[in-house]
Amino acid sequence: AVSPMSAQPIAWQAAPGSWIHIDGRAGPIAFRCSTEHADGTFRPAHARRAGDSRGAGDSRGVNDARPLATARVAIDGLQCGIEAMNHDQQVALRADRHPHITVEISELPVGTREYVVGRGTLSLAGVDRPIVGSAQVHLEQATIILSGEVDIDTERHGVELPRPLGGLVRVSPHMRVSYRLLIRYDPTEVLA
């Protein structure tokens, strides 16, 4: 998707029009926390086509544990619409010690020009767990648009969710993350 292909890691930032929503429930009430900001890296040298016998981290036979792609979202950039919820979210996700939610994609076992499935790791509140997710891919001139949904269980990451109203309301640990990321190719954004 990135051209010209380079062996150097490429930095990216979500372009205007991007969004990430985290939808959950607190008792009977639905809530949404959102941001328009994400950033990360893409390592073209680690890319492979579906069915390629090399591992995603295996470039020319050299084993390399670095991920194919990384995406980060700053926890303090997630807005839930109520300041108390923003604060509770930062405390629950231990943002003082782990300021980002990070996804590292290490493998793309299924892929076409319009659709990919990725495997990797979700780091939430400092705890890494495997994750599998899919994304629709749309190319528009020099912009890659990735969109999709993935369900997460915060209990798997040891997150202690707040108990509003003195514990009368329980926040569900099951949340859905939906996203639409616009990534514009900029050949000047190559990492050292």
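**The disulfide and the fold**

Modeller: The torsion about the S-S bond of Cys33 and Cys80 is about 100°, so this disulfide (a pair of cysteine sulfur atoms within 2.5 Å) is right-handed. The model is predicted: local features need pLDDT of at least 70, side-chain atom pairs count only at pLDDT 80 or more, and totals for chains, interfaces and linings use all residues. Residues are numbered from 1 along each chain as its sequence is written, and side-chain values use heavy atoms, leaving out hydrogens and water.

Biologist: How many residues apart in sequence are the parts that the pair Cys33 and Cys80 ties together?

Modeller: The disulfide joins Cys33 to Cys80, with an S to S distance of 2.0 Å. Cys33 belongs to strand E3 (residues 29-35), while Cys80 sits in the loop between strand E7 (69-74) and helix H1 (83-92), so the parts tied together are 47 residues apart in sequence. Helices (H or I, at least four residues) and strands (E, at least two) are DSSP runs, numbered from the N terminus.

Biologist: Are Cys33 and Cys80 buried or exposed?

Modeller: Buried means under 20% relative accessible area, exposed over 50%, and partly exposed in between, with a 1.4 Å probe and protein chains only. Of the 192 residues in the protein, 39% are buried. Both Cys33 and Cys80 are buried.

Biologist: How many helices and strands are there in the protein?

Modeller: From the N terminus on, the elements run β-β-β-β-β-β-β-α-β-β-β-β-α-β. The protein therefore has, by the DSSP runs, 2 helices and 12 strands.
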